[in-house]
Amino acid sequence: ACPEQLSGRRLVVSAGGTHEPIDPVRFIGNRSSGRQGVAIASAAAARGADVVLIAANISPEVLAPLGESTAAPGAGTARIVEAPTALDMEAAVRSEASSADAVVMAAAVADFRPSHPGISKIKKHRLADGAGPATGGADEAVGPAGGPAPIELVANPDILAGLVADPPQPGQLIVGFAAETGDEEGDALAHGAAKARRKGAHLLAVNAVGDGRGFGDVPNAVVVLDPQGAEVARGEGTKAEVAELLLDLIAERLPR
Ligand code: PMT
């Protein structure tokens, strides 16, 4: 790949997994390490782009390559904005994307969050006294029959679909991922194609997750789809190699 390919371009990349608070000590989360998104951000900076990484709960060890990527001659810049929850991420992505040529949503964003997170730690041992489910910020983890209280959830905004419906910068390129489970590639692709049509991103990279695939320090394999769900490209390798494939596709789609 030509290192100059993204000089002067502005990219926003989200990475990591959001944490949705249940109370001050507990959260609903997922297994994303942030590695694939950091690999994309690092490779883009190495190609000369000015990159903003919107980071959800990524360890310093995983973030390290981003700093190193800006040291090479001809490299661009990189900045990190922390966004631990889906709502934080929506605000950060929309604000940073207002001056971006392309946005890549590699983060695993929780689809739901607890509707009323406890303001103090929810107690385990507290007998039910006939009260209803522990909603409304009650700090008692007991349900109506003395069993565990249900955690009421509300839907988070779909950040990717929102970017497509209402782009912060007209004409910018919107790229998403689809994390699919299942053993049959055909099943994962069928789900990915439905997601491509539903979300409408210019490019959607479908990758398998679960059973040691997708999350963490492992190789990755992607099938990239267009908004109609048709295959544009596919590739596999290290997360850095998958990042280069996606950046080639992005670079050739940016206006000259
Ligand atoms: O972080 P790693 O350990 O390296 O693992 C990489 C990865 C598997 C997390 C990554 O390659 C990946 O697939 N990221 C997307 C995970 C995901 O949330 O997929 P999804 O199919 O649930 O969502 C589809 C797309 O919509 C994604 O671009 C996601 O960022 C976006 N989304 C989802 C929900 C939501 N509320 N808002 C969103 O914008």
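Is Asp158 buried, exposed or partly exposed, judged by its C-beta neighbours inside 10 Å? In this predicted model, Asp158 has 17 C-beta neighbours inside 10 Å and therefore counts as partly exposed, since a residue is taken as buried only if 20 or more other C-beta atoms lie within that distance and as exposed if there are 12 or fewer. Asp158 is placed in the loop that runs between β8 (153-155) and α4 (159-165).

With 26 other C-beta atoms within 10 Å, Leu160 is buried, whereas Asp158 is partly exposed.

The surroundings of the ligand were examined next. The ligand is surrounded by 25 residues, of which the closest are Ser33, Arg35, Ile159, Leu160 and Gly176. Two or more residues of this shell come from each of the elements α1 (35-46), α4 and β9 (173-180), and β9, with four residues, gives the most. Divided by class, the shell around the ligand comprises 13 nonpolar, nine polar and three charged residues.

Strand β4 (residues 50-56) was considered separately. Seven of the seven residues of β4 are buried, so the strand is largely enclosed by the rest of the structure. In a regular strand the side chains alternate between the two faces of the sheet. In β4 both faces are covered, with Asp50, Val52, Ile54 and Ala56 buried on one side and Val51, Leu53 and Ala55 buried on the other. Strand β1 (residues 10-16) runs parallel to β4 and is joined to it by seven bridges, and within this pairing Val12 has Val52 of β4 as its bridge partner. Strand β5 (residues 78-82) is likewise parallel to β4, with five bridges joining the two, and here the bridge partner of Leu53 is Ile80 in β5. Together with helix α2 (residues 60-69), β4 and β5 make a right-handed β-α-β unit.

Two loop residues complete the description. Arg47, found in the loop between α1 and β4, counts as buried because 27 C-beta neighbours lie inside 10 Å. The C-alpha atoms of Arg47 and Gly76 are separated by 7.0 Å, although the two residues are 29 residues apart along the chain. Lys123, in the loop between β7 (112-114) and β8, has 14 C-beta neighbours inside 10 Å and so counts as partly exposed. Between Lys123 and Val142, which are 19 residues apart in sequence, the C-alpha to C-alpha distance is 8.5 Å.

Notes
Residues are numbered from 1 along each chain as its sequence is written. This is a predicted model: local features need pLDDT of at least 70, side-chain atom pairs count only at pLDDT 80 or more; totals for chains, interfaces and linings use all residues. Two strands pair if DSSP finds at least two bridges between them. A crossover is right-handed if, with the strands pointing away from the viewer, the path from the first strand over the helix to the second runs clockwise. A residue is near a molecule or strand if its C-beta atom, placed from the backbone, lies within 6 Å of it. Ala, Val, Leu, Ile, Met, Phe, Trp, Tyr, Cys and Pro count as nonpolar, Asp, Glu, Lys and Arg as charged, and the others, Gly among them, as polar.
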